[in-house]
Each structure stands twice: as C-alpha cells, then as structure tokens.
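Let's take a walk through a protein together, one piece at a time. Keep the picture open beside you and look for each part as we get to it.

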Amino acid sequence: MQPGFLTENKTRVAHERLNEEYGIQEIKGYSDPMHELIGTILSHRTTHANEITAYRTMRERFPTWEQVRDAPLPALTDAIQAANYPEIKAPYIQNLLTHLFRETGAANIDFIGNLSTDDAMSWLISLPGIGLKTATILLLFTFHKPVLPVDTHVHRVTQRLGLIGPKVSAEKAHTLLLAHLPKDALVLFNFHKHFYWHGQRVCTWYYPKCNDCVLQNLCDFYQSGRTTLLSSTPVRKKPMNP
Ligand code: SF4
C-alpha cells in the first residue's frame with residue numbers, strides 16, 4: 001500500500017471512475033428502522049429477494065415484535081426459512097428483541113436519528129448480534145449518518161486496488177477508507193454501492209474481468225499479474241456470523 005497522500009488520491013480517483021461507470025444513486029433504505037435492523041440480520045448470506053420473503057412471512061405470522069420475540073423458536077425458524085441459516089438467525093432476532101424491550105421498553109430505534117454518529121455506532125454495536133457491518137448499513141441507509149459499510153465485495157476490491165493493505169480486516173478497513181473520504185452520507189453511500197456492484201459484476205473472487213475494468217491502471221493486484229492465479233484458488237467457506 002502507498003503512503004497516505006497517494007492512497008487518498010487513488011481512493012478519490014477510483015471513486016470518481018466508479019461514479020461515472022455506475023452513476024450517482026440516491027440513498028434508498030427501508031423507511032422503517034426496525035425493518036432495516038432485522039432485515040440486515042436476515043440478509044446475511046442471502047439474496048435480497050429471499051430476505052424480503054423471509055421478513056414478509058415472519059411479519060405475517062407474527063405481526064407484532066412482541067410476538068416475534070415470544071414465538072416458539074422452531075416456529076420463528078420456519079417463518080424465516082427463505083433466508084439462509086434460519087436456525088442461527090431466529091435466536092439472534094429474539095435475543096435482540098428481548099434486549100431492546102428490556103433496555104428501551106419497546107422495539108423502536110427511531111431515537112438513533114437524534115444521536116451523534118459516534119454515539120449511535122456505540123449503542124448499536126453494544127446490541128447482541130449486531131456487528132460493525134450491520135451497524136454501518138443501518139446508520140448509512142436509514143439514518144444517513146456518514147459511515148462506510150465494508151462488506152466482502154467492498155473489502156476485496158479495495159484490497160486488490162491497494163487502497164488498504166493485504167491483511168487489513170473489513171472492520172479496520174472501515175476506519176482506514178473513511179479517513180480518505182468526505183464525511184458525507186451521499187458520497188459514502190455511492191462509494192459503498194459502486195464498490196459493491198463492481199465486486200459483484202467485474203472484480204469477482206474467482207475470475208475478475210480485468211480487461212473490462214475501468215480501474216485496471218490503478219490496481220496493484222492487476223499490475224502484479226496475480227489475477228492469473230485465481231482459477232486455482234480454493235473456495236473460501238466462511239462461518240455464519242450475523
Ligand atoms: S483490475 Fe482486475 S483485480 Fe483490479 S479491480 Fe479491476 S477487476 Fe479487480
């Protein structure tokens with residue numbers, strides 16, 4: 001990875017190129033913060049369509065959050081089975097709801113909008129089952145706070161480009177990348193979306209389409225010639241960790 005000012009410049013240039021490639025997006029999240037919170041748990045290792053199906057089925061069978069909290073575990077697991085790992089997600093959801101009711105008296109997190117970004121982040125990651133990625137998605141998508149979700153695609157593409165070092169974790173990448181970007185929710189939303197899409201569509205894990213990539217001349221991974229090694233790289237199976 002380059003010294004700080006070079007990395008900052010490369011981050012800005014890569015961001016501008018992807019803005020041109022994919023176009024500026026408006027922030028679109030769920031308008032209901034509780035939907036976003038529970039939806040992010042359901043969304044792990046799951047397509048958006050299946051997340052929606054799982055959420056809808058759960059709310060049809062258990063219309064109130066008290067009913068979701070108190071549902072027999074097998075029944076809740078069955079209701080969210082459209083999402084992957086329902087047997088892990090169901091207890092996470094019930095633990096979270098139990099905690100919310102106990103600490104705040106309700107399953108309502110609208111008050112987060114009135115907290116500072118740091119306070120909102122601290123409160124969210126103190127909740128059971130809520131990690132940095134879920135917290136940043138909720139804060140950016142729903143409350144428009146200036147944070148940067150780093151999922152597997154954002155992590156991989158920024159690492160290959162050399163915007164972060166090869167051993168930097170996704171959690172650490174959040175802080176490092178944020179230091180090179182304006183503290184503006186719309187800018188950060190577009191950075192997240194564009195790097196996410198680029199990782200899904202172009203800079204894929206196995207066969208990155210480097211010849212179609214608008215970031216090619218910025219990319220450490222491409223310059224090193226390591227892309228040719230990827231076809232023999234074994235599939236990584238990561239443990240479920242909402
Ligand atoms: S040049 Fe290849 S490895 Fe680099 S960002 Fe583009 S697709 Fe990914």
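Start at helix 3, which covers residues 48–61. Helix 3 has 14 residues and reaches 20 Å from its first C-alpha to its last, close to the expected 20 Å at 1.5 Å a residue. That expected span is 1.5 Å times one less than the number of residues in the helix. As for the naming, helices (H or I, at least four residues) and strands (E, at least two) are DSSP runs, numbered from the N terminus.

Before we go on, two notes about what you're looking at. This is a predicted model, where local features need pLDDT of at least 70 and side-chain atom pairs count only at pLDDT 80 or more, while totals for chains, interfaces and linings use all residues. Residues are numbered from 1 along each chain as its sequence is written.

Back to helix 3: which of its residues are buried? They are Glu51, Ala54, Tyr55 and Met58. Here a residue is buried if 20 or more other C-beta atoms lie within 10 Å of its own, exposed if 12 or fewer, and partly exposed in between, with C-beta atoms placed from the backbone. Look down the axis of helix 3 and its buried residues fall within an arc of 95°, so they line one face of the helix. The arc is that of the directions from the helix axis to the C-beta atoms. There's a simple piece of geometry to keep in mind: an α-helix has 3.6 residues a turn, so residues three or four places apart point the same way.

Next comes helix 6, residues 86–104. Its 19 residues should span 27 Å at 1.5 Å a residue, and its end C-alpha atoms are 26 Å apart, which agrees. The buried residues in helix 6 are Lys89, Ala90, Tyr92, Ile93, Leu96, Leu97 and Leu100. Seen down the axis of helix 6, these fall within an arc of 165°, so they line one face of the helix. What do the buried residues of helix 6 pack against? Their partners are helix 2, helix 4 and helix 5. Just after helix 6, Gly105 takes a positive phi of about 85°.

Two other residues have a positive phi without being glycine. One is Arg45, at about 55°, in the loop between helix 2 and helix 3. Arg45 is partly exposed, with 15 other C-beta atoms within 10 Å. The other is His144, also with a positive phi of about 55°, in the loop between helix 8 (132–141) and helix 9. His144 counts as partly exposed, having 16 C-beta neighbours inside 10 Å.

Now step back and take in the whole protein. It is divided into domain 1 (4–25 + 149–232) and domain 2 (33–141), with bounds that come from an automatic or database domain assignment. The C-alpha centres of domain 1 and domain 2 lie 29 Å apart. Where they meet, nine residues of domain 1 are in contact with five residues of domain 2; contact means that the C-beta atoms of two residues, placed from the backbone, lie within 7 Å. Helix 10 (170–178) and helix 11 (185–201) each supply at least two residues of the side of domain 1 that touches domain 2. By class, that side has six nonpolar, one polar and two charged residues. Ala, Val, Leu, Ile, Met, Phe, Trp, Tyr, Cys and Pro count as nonpolar, Asp, Glu, Lys and Arg as charged, and the others, Gly among them, as polar.

Helix 10 is also where you'll find Glu171. Glu171 counts as partly exposed, with 13 C-beta neighbours inside 10 Å. Glu171 and Lys133 are 38 residues apart in sequence, and their C-alpha atoms are 7.8 Å apart in space.

Last stop: the ligand. It is surrounded by 15 residues, the closest being Cys203, Pro208, Cys210, Cys213 and Cys219; a residue counts as near if its C-beta atom, placed from the backbone, lies within 6 Å of the molecule. This shell divides into 11 nonpolar, two polar and two charged residues. Helix 9 (152–161) and helix 12 (220–224) each supply at least two residues of it, and the largest share, three residues, comes from helix 9.

Val157 is buried, with 27 other C-beta atoms within 10 Å. Leaving out residues up to four places away in sequence, Val157 touches Phe195, His198, Gly199 and Cys203. Val157 and Cys203 are 46 residues apart in sequence, yet 6.5 Å apart in space, C-alpha to C-alpha.
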